[in-house]
Amino acid sequence: MSRRISRSAPASRRGRVRVRIAAAALAGAAAASALTGCSYQEDICSSGEYPVLTVGGNGSACVPDSEQPPKGYTRYPEGKVPQQVDDKWDKYWRTHTLDKDGNTIDAPEID
């Protein structure tokens, strides 16, 4: 009587190996993320757009490069344009705004 010997691992063992590999990959990704300090920064506007500020208020928007700011909005002063979320100028303009004459003033408090 001849016996047939299978050289492949049983299905349950193959499944456990896949789970271990996936777990190791996830652990590696988590470690890499922790070590980099989450250096990803989100842009304020998409490519082909520029940010604008609400005159006398806390609002902002993004406008296509080919268009002027809509009524009630203005461009940020040169050199003070936020580029990424939470950058120096994004934080600054949370507490400041421009009046109708283009002067920097304290922004109204948000309730």
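Is His-96 buried or exposed? His-96 is buried, with a relative accessible area of 18%, where buried means under 20% relative accessible area, exposed over 50% and partly exposed in between (1.4 Å probe, protein chains only). This is a predicted model, in which local features need pLDDT of at least 70 and side-chain atom pairs count only at pLDDT 80 or more, while totals for chains, interfaces and linings use all residues. Residues are numbered from 1 along each chain as its sequence is written, and side-chain values use heavy atoms, with hydrogens and water left out.

**Overall architecture**

- The chain holds 2 helices and 5 strands; helices (H or I, at least four residues) and strands (E, at least two) are DSSP runs, numbered from the N terminus.
- Read from the N terminus, the order of elements is α-β-β-β-α-β-β.
- The chain has 111 residues, of which 17% count as buried.
- Of the contacts between residues at least 6 apart in sequence, 31% join residues at least 24 apart; contact means heavy atoms within 4.5 Å.

**Disulfide**

- The whole structure contains 1 disulfide, defined as a pair of cysteine sulfur atoms within 2.5 Å.
- Cys-45 and Cys-62 form this link, with their sulfur atoms 2.0 Å apart.
- The pair links distant parts of the chain, 17 residues apart: Cys-45 belongs to the loop between helix H1 (11-36) and strand E1 (49-54), and Cys-62 to strand E2 (residues 60-64).
- The link of Cys-45 and Cys-62 is left-handed, with -90° about the S-S bond.
- Cys-45 counts as buried because its relative accessibility is 13%, whereas Cys-62, at 31%, counts as partly exposed.

**Aromatic cluster**

- Tyr-76, Trp-89, Tyr-92 and Trp-93 form one aromatic cluster.
- A pair of aromatic rings is described by the distance of the centres and the angle of the planes.
- Rings of Phe, Tyr and Trp (its six-membered ring) pair if their centres lie within 6.5 Å; planes under 30 degrees apart count as stacked, over 60 as edge-to-face and the rest as tilted.
- By this rule there are 3 aromatic pairs.
- One of them joins Trp-89 and Tyr-92, which are edge-to-face because their planes stand at 80°, with the ring centres 5.3 Å apart.
- Trp-89 and Tyr-92 are 3 residues apart in helix H2 (residues 88-92), so about one helical turn separates them.
- Trp-89 is buried, at a relative accessible area of 19%, while Tyr-92 is partly exposed at 25%.
- Tyr-92 also forms an edge-to-face pair with Trp-93, at 5.0 Å centre to centre and 85° between the planes.
- Trp-93 has 3% relative accessibility and therefore counts as buried.

**His-96 and its surroundings**

- His-96 is located in strand E4.
- The His-96 side chain reaches the backbone oxygen of Tyr-92 at 2.9 Å.
- The side chains of His-96 and Thr-95 are joined by a polar contact of 3.0 Å. A polar contact is a pair of N or O atoms within 3.5 Å; within protein, one must be able to donate a hydrogen and the other to accept it, and residues adjacent in sequence count only if both atoms are side-chain atoms.
- Not counting residues up to four places away in sequence, His-96 touches Thr-104, Ile-105, Asp-106 and Ala-107.

**Asp-99 in the E4–E5 loop**

- Asp-99 lies in the loop between strand E4 (96-98) and strand E5 (104-106).
- Asp-99 is buried yet has no salt bridge, and the nearest side chain of opposite charge is that of Lys-100, 7.0 Å away.
- A salt bridge is a side-chain nitrogen of Lys or Arg within 4 Å of a carboxyl oxygen of Asp or Glu; for charge, Lys and Arg count as positive and Asp and Glu as negative, and His and the chain ends are not counted.
- A polar atom of the Asp-99 side chain lies 2.8 Å from the backbone nitrogen of Asn-103.
- Beyond residues up to four places away in sequence, Asp-99 touches Val-55 and Ile-105.

**The loop between E3 and H2**

- Asp-86 is found in the loop between strand E3 (73-75) and H2.
- Although it is not a glycine, Asp-86 has a positive phi of about 70°.
- Asp-86 counts as partly exposed, at 40% relative accessibility.
- Pro-77 is also found in the loop between E3 and H2, and counts as partly exposed at 24% relative accessibility.
- Leaving aside neighbours within four places in sequence, Pro-77 is in contact with Trp-93 and Leu-98.
- Pro-77 and Asn-103 are 26 residues apart in sequence, with 9.6 Å from C-alpha to C-alpha.
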